[in-house]
Amino acid sequence: QVQVVESGGGLVQAGGSLRLSCVASGSIISVGTMTWHRQAPGKQRELVAVITSAGSTNYADSVKGRFTISRDNARNTMYLQMNSLKPEDTAVYYCDADAQALGVKSFQNYWGQGTQVTVSS
């Protein structure tokens with residue numbers, strides 16, 4: 001089985017920075033695309049940033065120039081460096097990973113439980 005765990009959330013003032021981490025662990029053969037999402041209170045979940053196993057990235061317009069996604073393939077870990085944070089970035093941040101587990105023929109999608117990011121004005 002594969003577990004995905006996010007960490008690094010917290011409370012920060014507007015203009016500050018946070019770095020989120022997402023680790024995929026378990027009986028993993030390979031990890032493919034990894035994605036950060038967020039869900040603010042009363043709003044739908046939205047895609048924040050995505051990174052392929054080759055390192056190609058894409059961002060939501062609302063975070064371009066402020067957030068940077070990266071990954072360490074050797075550690076099956078993805079990061080989200082968030083700078084110039086705004087109150088509207090307040091949300092629960094989730095990551096998902098496409099991964100192939102031992103004994104499973106195809107890639108499956110696995111989600112973490114989320115980490116809270118709160119930006120005060």
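This is a short chat about a predicted protein model, from its overall build down to single residues.

User: New to this one. How many helices and strands does the protein have?
Analyst: The protein has 0 helices and 11 strands. Keep in mind that the model is predicted.

User: How compact is the protein for its length?
Analyst: It is as compact as a globular protein of that length, because its radius of gyration is 14 Å, close to the 14 Å that the globule rule gives for 121 residues.

User: What box do the C-alpha atoms fill?
Analyst: Roughly 50 × 25 × 20 Å, taken along the principal axes.

User: What share of the residues is buried?
Analyst: Buried residues make up 43% of the 121.

User: And how many contacts join residues at least 24 apart?
Analyst: Take the contacts between residues at least 6 apart in sequence. Of those, 56% join residues at least 24 apart.

User: Let's talk sheets. In what order do the 4 strands of the open sheet come?
Analyst: The order is S1-S3-S8-S7, and the pairing is antiparallel.

User: Which strands are at the edges?
Analyst: Strand S1 (2-7) and strand S7 (67-72). Each of these pairs on one side only.

User: How far are neighbouring strands turned against each other?
Analyst: By 15° on average in this sheet, direction ignored.

User: Walk me through the pairs. How many bridges join S1 to S3?
Analyst: There are 6 bridges between S1 and strand S3, residues 18-26. In this pair, Val-4 stands opposite Ala-24 of S3.

User: Next pair. How many bridges join S3 to S8?
Analyst: S3 and S8 are joined by 6 bridges and run antiparallel. Here Val-23 faces Thr-77 in S8.

User: And S7 to S8, how many bridges?
Analyst: 6 bridges, with the strands running antiparallel. Phe-67 stands opposite Met-82 in S8.

User: Back to Thr-77. Is it buried or exposed?
Analyst: Thr-77 counts as buried, because its relative accessibility is 6% and the cut-off is under 20%.

User: What does its side chain reach? I mean Thr-77.
Analyst: The side chain of Thr-77 reaches the backbone oxygen of Arg-75 at 2.8 Å. Setting aside residues up to four places away in sequence, Thr-77 touches Cys-22, Val-23, Ser-70, Arg-71 and Asp-72.

User: Change of topic: the core. Which residues touch the most other members of the largest nonpolar core?
Analyst: Trp-36, Leu-80, Met-82 and Tyr-93, out of 32 residues in that core.

User: Which elements give two or more residues to it?
Analyst: S1, S3, strand S4 (28-39), strand S5 (46-51), S7, S8, S9 and strand S11 (115-120). S9 gives the most, with 6 residues.

User: Pick Leu-80. What is it in contact with?
Analyst: Leaving out neighbours within four places in sequence, Leu-80 contacts several residues, among them Leu-20, Trp-36, Val-48, Phe-67, Ile-69 and Tyr-93.

User: Which side chain does the side chain of Asp-89 make a polar contact with?
Analyst: The side chain of Arg-66, at 2.7 Å. Beyond its neighbours within four places in sequence, Asp-89 is in contact with Arg-38, Arg-66, Phe-67, Ser-84, Val-117 and Val-119.

User: Last one: Gln-100. Where is its place?
Analyst: Gln-100 is in strand S9. At 17% relative accessibility, Gln-100 counts as buried.

User: What does the side chain of Gln-100 reach?
Analyst: The backbone oxygen of Lys-105, at 3.1 Å. Not counting residues up to four places away in sequence, Gln-100 touches residues including Ser-27, Ile-28, Ser-30 and Phe-107.

User: And what separates the C-alpha atoms of Gln-100 and Gly-32?
Analyst: 8.2 Å, although the two residues are 68 apart along the chain.

Technical notes. Residues are numbered from 1 along each chain as its sequence is written. This is a predicted model: local features need pLDDT of at least 70, side-chain atom pairs count only at pLDDT 80 or more; totals for chains, interfaces and linings use all residues. Side-chain values use heavy atoms; hydrogens and water are left out. A polar contact is a pair of N or O atoms within 3.5 Å; within protein, one must be able to donate a hydrogen and the other to accept it, and residues adjacent in sequence count only if both atoms are side-chain atoms. Contact means heavy atoms within 4.5 Å. Two strands pair if DSSP finds at least two bridges between them. Axes are lines fitted to C-alpha atoms, for helices over the stretch in contact, and angles run from 0 to 180 degrees between N-to-C directions. Buried means under 20% relative accessible area, exposed over 50%, partly exposed in between (1.4 Å probe, protein chains only). A nonpolar core is a set of buried Ala, Val, Leu, Ile, Met, Phe, Trp, Tyr and Cys residues joined through side-chain atoms within 4.5 Å. The radius of gyration is taken over C-alpha atoms; the globule rule is 2.2 Å times the number of residues to the power 0.38.
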